[in-house]
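I opened this model to look up its confidence, strand pairing, helix packing and backbone exceptions. My entries are below.

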Amino acid sequence: MAARRCGLRRSALISLLQRFTAQFNVRRGMTVLRQFDPDIETLAGTWRGELCTSAKWLPEGAPGGLGGICAGYLVKNGTTLGYAKPSAPHDRKLGQAYVNNPIAAHEKIAADLAHDLGLPVPPAVLWDRGQQKGKGSQHCVISAVPFWPAYTWAQVMRLPKAGARLLPLIARAASAISVFDTWLDNRDRVNAGNLVIRESDGFGVQVAYIDFAQSMSFGWGNGPAPGVIRVEGRFPGSAPLDADAIRDTVCAIETMLEDQIRSIVGRVPGAFLAPQRGWCIVEGLLRRRECLRGEMNKRARL
Amino acid sequence: MTAKRKVHYSVVQFRRQPNADGAGAVNLGFIIGFETKQCAAVGLAVRASLDEKMLAELDPLSREVLENRLDVLVAEVDAALNGHHKPKDVLRALAAQNPWTLCVTPPQEAEVSVAADFDNASVQKVAEDYVLRLYSRNVLEAQHTGPAVAAPAPRRVVPTHGLGSEIPALPAPWMIPPVVRMLPRAA
């Protein structure tokens, strides 16, 4: 009973801290970074509280049909479309770093952190799709499709006019995400398919940075995680530097309470994230944010 | 005398709605992957014209992507060639990299009958022949539910390579010949 009361107080405190962080971000103008459609933001709020989805998701096309290391595929629940990624890659030739990589946990942790920081990462929820025949992990993550139409930066950068028009407009998001990528040690931002963009009359330009599979414990293994020895550049690299966005994001990360970070990582079930890896991620995030400002300062005056 | 050949193909779609089955999508063309005795290759055939009214209703970025679809898709194909030696792998990479509004579907396989001297033709002509034969099988129309082009009068493309006389009629707005890229042989 006492433990239950303690748990309730803890969750109430974390909820309060989340609201405080969100208000802090609003005051600092950080919400302009994250401009998803209202129904996606509603979903993001739900998924921030909901760890694993209990909804019935139906595959759209063959699981793994879209290929890629993670063998992801589109799934649908009512009108909500998501991109499902199994936690273990199907291709065993890729090596231990890939095979043991808790992809689903990485995506969920990154999405929850980004939600609280007001950064443009689509909401994600864990999904136990049940035992699979043959290859394929039963533990998945579903990332919401954040807006439509959506183009990858790889497609947009072939268009000289669009590239020149859009680069200044995404400078703030690109600068902010470079801090987030550095904190999470994301090693896959070189892929131009991992930035999705939309231009619309109502929202102006919307961006979503996706794919955090190769972040955190992908490079850290079971830990301990190293300090920040590598600063992730902006993506796209030709986007202008926005020092304010970098400073604001560093501030927001620094002011996240330790309990908030521990809660986001610690609540991921063991089936999705082994305890040792979970410890490694928590300690890594806490340790790395301490030296984040100093390393980012080499890029921009904070 | 005829022979059987396997060809892989993916459909290129402009998906106006975020549904994975492609309902309501505008088919922009297809990408084929094939092998001859000499080499492996990937070919890209796109529609030469799109409905101007549809284009005018789109947001600026969508319009620019569609107006420059050949450049965008050629660049995507070139990027996907990197590190792959099998045409089907290139198509799979393209599908993985392009699941959004400008979408490349996962590769499918088709078997086609070709003339006995088929393998002696140039890769470009082989690609053109495969495109025409796949088109005649309605691989696009089977997945196509939206108006993409003003209905053209079918015309006959005169075969110049002597690969057979049963080359199908082709609607006018198709861009032929396809863009073809050859793959390096595995070491």
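The entries that follow go by topic.

**Conventions.** I am working with a predicted model, in which local features need pLDDT of at least 70, side-chain atom pairs count only at pLDDT 80 or more, and totals for chains, interfaces and linings use all residues. Residues are numbered from 1 along each chain as its sequence is written, and chains are lettered from A and ligands numbered from 1 in the order in which they are written. For elements I use DSSP runs numbered from the N terminus: helices are H or I with at least four residues, strands are E with at least two.

**Confidence.** I checked pLDDT (the predictor's confidence in each residue, from 0 to 100) before anything else. Chain A has a mean of 84, and 79% of its residues reach 70 or more. A contact here means two residues whose C-beta atoms, placed from the backbone, lie within 7 Å.

**Contact between the chains.** I found 25 residues of chain A and 26 residues of chain B in the contact. On the chain A side, the elements that give two or more residues are strand S6 (151–152), helix H5 (153–156), helix H6 (160–166) and strand S7 (195–200). S7(A) gives the largest share, three residues. By class, the chain A side has 12 nonpolar, eight polar and five charged residues. The classes are: Ala, Val, Leu, Ile, Met, Phe, Trp, Tyr, Cys and Pro nonpolar; Asp, Glu, Lys and Arg charged; the others, Gly among them, polar.

**Strands of chain A.** I count two strands as paired if DSSP finds at least two bridges between them. Strand S1 (residues 58–60) of chain A runs antiparallel to strand S2 (residues 73–77) of chain A, with three bridges. Pro59(A) has Val75(A) in S2(A) as its bridge partner. S2(A) is also joined to strand S3 (residues 80–86) of chain A, antiparallel, by five bridges. In that pairing Lys76(A) stands opposite Leu81(A) of S3(A). The hairpin of S2(A) and S3(A) has two residues between the strands, and Gly78(A) there takes a positive phi near 65°.

I then looked at the open sheet of three strands, which has the order S6-S7-S8 in chain A and antiparallel pairing. S6 and strand S8 (204–209) of chain A are the edge strands, each pairing on one side only. S6(A) pairs with S7(A) over two bridges, and Thr152(A) has Val196(A) as its bridge partner in S7(A).

**Helix packing.** Axes are lines fitted to C-alpha atoms, for helices over the stretch in contact, and angles run from 0 to 180 degrees between N-to-C directions. Angles under 35 degrees count as roughly parallel, over 145 as roughly antiparallel, 65 to 115 as roughly perpendicular and the rest as oblique.

What is the angle between helix H7 (residues 171–184) and helix H9 (residues 243–255) of chain A? Their axes come within 8 Å and cross at roughly 40°, so H7(A) and H9(A) are oblique to each other. Residues in this contact include Phe180(A) and Trp183(A) of H7(A) and Ile246(A) and Ile253(A) of H9(A). By class, the contact has eight nonpolar, two polar and one charged residues.

Helix H4 (residues 103–117) of chain A packs on H10(A) at an angle of about 150°, with the axes 9 Å apart. That makes H4(A) roughly antiparallel to H10(A). The contact is made by Ile109(A), Asp112(A), Leu113(A) and Asp116(A) of H4(A) and Gln260(A), Ile264(A) and Val265(A) of H10(A).

**Backbone exceptions.** Most residues other than glycine have a negative phi, and most peptide bonds are trans. The bond from Gly223(A) to Pro224(A) is cis, with omega near 0°. Another cis peptide bond, with omega about 0°, joins Phe235(A) and Pro236(A). Pro224(A) lies in the loop between helix H8 (217–220) and H9 of chain A, and Pro236(A) lies in the loop between H8 and H9 of chain A. Asp211(A), not a glycine, has a positive phi of about 70°; I place Asp211(A) in the loop between S8 and H8 of chain A.
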